[in-house]
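Let's work through a few exercises together. Keep the chain open on your screen, try each task yourself, then read the steps.

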Amino acid sequence: MANTKYVFVTGGVSSSLGKGIIAASLAKLLQARGYRVTIQKLDPYINVDPGTLNPYEHGECYVTDDGAETDLDLGHYERFLNTPTSQANNVTTGRIYQSVIEKERRGEFLGKTVQVVPHITNEIKERIQLLGKSGAYDIVITEIGGTVGDIESLPYIEAVRQLKWELGDTNALVIHLTLIPYLSAAGELKTKPTQHSVKTLMESGIKADILVCRTEHELSDDLRRKLALFCNVKKAAVIQSIDASTIYDVPNLMLEEGLDTVVLNQLVLRDDDQPNLDKWNDFLQRHKNPKCEVTIGLIGKYVELQDSYKSILEAFIHAGAEKEVKVRVESIHSEFIDDATIAKKIAHLDGLLVAPGFGERGIEGKIKAVQYARENKIPFFGICLGMQMAVIEYARNVLGLKDACSIEVDEAATNPVISLMEEQKNITEMGGTMRLGAWNCELVPGSKVHAAYGETAISERHRHRYEYNNAYREQLEKAGLQTTGTNPKTGLVEIIELKDHPWFVGVQYHPEYKSTVANPHPLFVAFVSASVTYAQAKKNAKVS
């Protein structure tokens, strides 16, 4: 317990520099040397979690096995490390204050005045050390959200200052990620913003031990020496993070820069073993050298922001590399799909994924897209809301229930083929009240999903409130919509398929959350494979 080492990652100059990717890349290198590593994210917003946030605000909400709704950076952590995260890996200001206020109400502070220092900072320190005290990890990497100087980040910075002093220099260090902008008019890189950012950090009592500098151009030796001198770090601790063609290049780039070696030396840990990145580089080789290409349409309602569907896009990269295929994802806004435009938007695609989402906006466009894929035998994959749209489409156009709908869209629907579970009907609070986290599912032998998974008992992560209405199951199955996966405890339908279709699968859960570099998700692999087959058949038909 006492031997756990802590690495803190802060950011300066600008947001969106990639603290999460740097943290995940460092963790990958340390893991590849044999260390037990985990990463946690401290988010300075007052929401208790991102579960109630619009994806346009903060990107996708990532869900862990234990049902935590978390920051999308936890997805990067899992995809790089191939180890699950949990509730303890994401902490928000809202959760910190909620905990402290609850303690105050219980009288745990013995009548004292509750203050940011020491009570809030003590709570933050406890959360930071929670994973370390478990004894499961040698190194805990903590990413501090936001940028240095933000008012909302100050309690976190102060907590890090205190913790670094308490643990000592050989047990904790700070990596400061910053930007070295290039001024085209002057034709040179500028270090002054970084100098000011480091100064701001020092005014809070923290000295950066390592600088990771995001840049579009190579840092010269003179520039590194200048940064080391004026930012009070060793020259070897000035690490260049140049723009890469893919985030999966970053571990190798950090290895070349010696980031892991600098960290291990400061923490007085052995650095004699070179990281074993053979499997990682094998993935990269296949990812960068595909043998063919497919175009898959992603039908969604938040397509303007790529981070809204981050895990789906990454799952396609993993599955594409597995099959040595370049998957070109074409984002299509469901709100703009109608009878006049649908053929133009979809006919050229090799596969169609209807994405998750909430609310009634864009629903009819998704239903039309499902119908087009079903009738034209285009490989189809529906996730969560996408699966529900497939059920509605089938009920309307095959079963003949023209008014079939979800009560999420129409509470007074006469044929609510998608409805609420009984335990959801009286819920009034929005946050953390959906069906969340890992749930078991039993697959029907001989089904497409059984072929993909290679087993009949699976566990997948959920994030939804509405469900397939079992009152319509018998009618839909008789009409040809197969149920090929159910929850053994509740009897709820988790997976639907069409037998007379090349590949038509809808799942109530979120398979994208469990796809990693080391273990591409089997359903994404099967879907990409079906799309390749479909593309080849189209090509052959044109030739003949």
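Is Ser220 buried, partly exposed or exposed? Ser220 counts as partly exposed, because its relative accessible area is 39% (buried means under 20%, exposed over 50%, and partly exposed in between, with a 1.4 Å probe and protein chains only).

Before going on, some ground rules. This is a predicted model, where local features need pLDDT of at least 70 and side-chain atom pairs count only at pLDDT 80 or more, while totals for chains, interfaces and linings use all residues. Residues are numbered from 1 along each chain as its sequence is written, and side-chain values use heavy atoms, with hydrogens and water left out.

**Exercise 1. Place Ser220 in the chain.**

Step one: look in the loop between strand E10 (210-215) and H8, where Ser220 sits. Helices (H or I, at least four residues) and strands (E, at least two) are DSSP runs, numbered from the N terminus.
Step two: find Gln240, 20 residues away from Ser220 along the chain; their C-alpha atoms are separated by 9.8 Å.

**Exercise 2. Find out how confident the predictor is.**

Step one: start with the average pLDDT, which is 90 for the chain, with 95% of the residues scoring at least 70. This score is the predictor's confidence in each residue, from 0 to 100.
Confidence is lowest in H2, with a mean of 62, and highest in strand E23 (residues 504-507), at 97.

**Exercise 3. Describe helix H1.**

Step one: take its length. H1 covers residues 19-32, so to speak 14 residues, and reaches 20 Å from first C-alpha to last, close to the 20 Å expected at 1.5 Å a residue. That expected span is 1.5 Å times one less than the number of residues.
Step two: ask how covered H1 is. Of its 14 residues, 13 are buried.
Step three: see what follows H1. Gly34 comes after it, with a positive phi near 105°.

**Exercise 4. Explore the largest pocket.**

Step one: get the volume, which is about 940 Å³. On a 1 Å grid over the protein atoms alone, a pocket is an open set of points where a 1.4 Å probe fits, with protein on both sides within 12 Å along at least five of seven lines; lining residues have an atom within 4 Å of a point. Grid points are joined across faces, edges and corners, and the volume is the space filled by probe spheres set on the points.
Step two: look at the lining. It has 38 residues, and Ser16, Leu17, Gly18, Lys19 and Asp73 lie nearest the centre.
Step three: see which elements take part. Those giving two or more residues include H1, strand E2 (37-43) and helix H3 (73-81), and H1 gives the most, with 4 residues.
Step four: sort the lining by type, which gives 13 nonpolar, 12 polar and 13 charged residues. Here Ala, Val, Leu, Ile, Met, Phe, Trp, Tyr, Cys and Pro count as nonpolar, Asp, Glu, Lys and Arg as charged, and the others, Gly among them, as polar.
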